Amino acid sequence: NDPFPASDPTFRLVSVTETAAVIGLVSGSFSNGDDTITINVGETLVLAADDGTRYAIKIVSVAS
């Protein structure tokens, strides 16, 4: 449940597996109403905040 990025804690790491990470928001929910979203290794997800800030999150690899 560590928040990130450190400079502007917006997201929190909910869980991680060898193939994906599940993230949530520090407060609120995603526009589709979900509390979390899954990002697979190799996938890039671009999220836009209400204030127009855009975040690109990419899971490059997961260390075991």
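Biologist: Which residue in β4 is the bridge partner of Gly24?

Modeller: In this predicted model, Thr36 of β4 is the bridge partner of Gly24. A further pair across these strands is Ala21, which stands opposite Ile39 in β4.

Biologist: What makes β3 and β4 a pair of strands?

Modeller: Two strands pair if at least two bridges are found between them. Strand β3, residues 20-25, and β4 are joined over 5 bridges, in the antiparallel sense.

Biologist: What makes β1 and β4 the edge strands?

Modeller: The sheet is open, with 4 strands in the order β1-β2-β3-β4 and antiparallel pairing. Strands β1 (3-4) and β4 (36-40) each pair on one side only, and they are the edge strands.

Biologist: Why is β3 described as largely enclosed by the rest of the structure?

Modeller: A residue is buried when its relative accessible area is under 20%. In β3, 6 of the 6 residues are buried, so the strand is largely enclosed by the rest of the structure.

Biologist: How do you know that both faces of β3 are covered?

Modeller: In a regular strand, side chains alternate between the two faces of the sheet. Ala20, Val22 and Gly24 lie on one side of β3, Ala21, Ile23 and Leu25 on the other, and all of these are buried.

Biologist: Why is Ser61 called exposed?

Modeller: The relative accessibility of Ser61 is 58%, and exposed means over 50%. Ser61 therefore counts as exposed. Ser61 is placed in the segment after β6 (54-58). From Val22, Ser61 is 39 residues away in sequence and 14 Å away in space, C-alpha to C-alpha.

Biologist: How much space lies in the largest pocket, and which residues are the closest to its centre?

Modeller: The largest pocket holds about 390 Å³ of space. It is lined by 18 residues, of which Leu25, Phe30, Ala48, Ala49 and Asp50 are the closest to its centre. The elements giving two or more residues to this lining are β4 and β5 (44-48).

Biologist: How many residues of that lining are nonpolar, polar and charged?

Modeller: The lining of the largest pocket divides into 8 nonpolar, 6 polar and 4 charged residues.

Definitions and conventions. Residues are numbered from 1 along each chain as its sequence is written. This is a predicted model: local features need pLDDT of at least 70, side-chain atom pairs count only at pLDDT 80 or more; totals for chains, interfaces and linings use all residues. Side-chain values use heavy atoms; hydrogens and water are left out. Buried means under 20% relative accessible area, exposed over 50%, partly exposed in between (1.4 Å probe, protein chains only). On a 1 Å grid over the protein atoms alone, a cavity is a set of points where a 1.4 Å probe fits but cannot get out, and a pocket is an open set with protein on both sides within 12 Å along at least five of seven lines; lining residues have an atom within 4 Å of a point. Grid points are joined across faces, edges and corners, and a volume is the space filled by probe spheres set on the points. Ala, Val, Leu, Ile, Met, Phe, Trp, Tyr, Cys and Pro count as nonpolar, Asp, Glu, Lys and Arg as charged, and the others, Gly among them, as polar.
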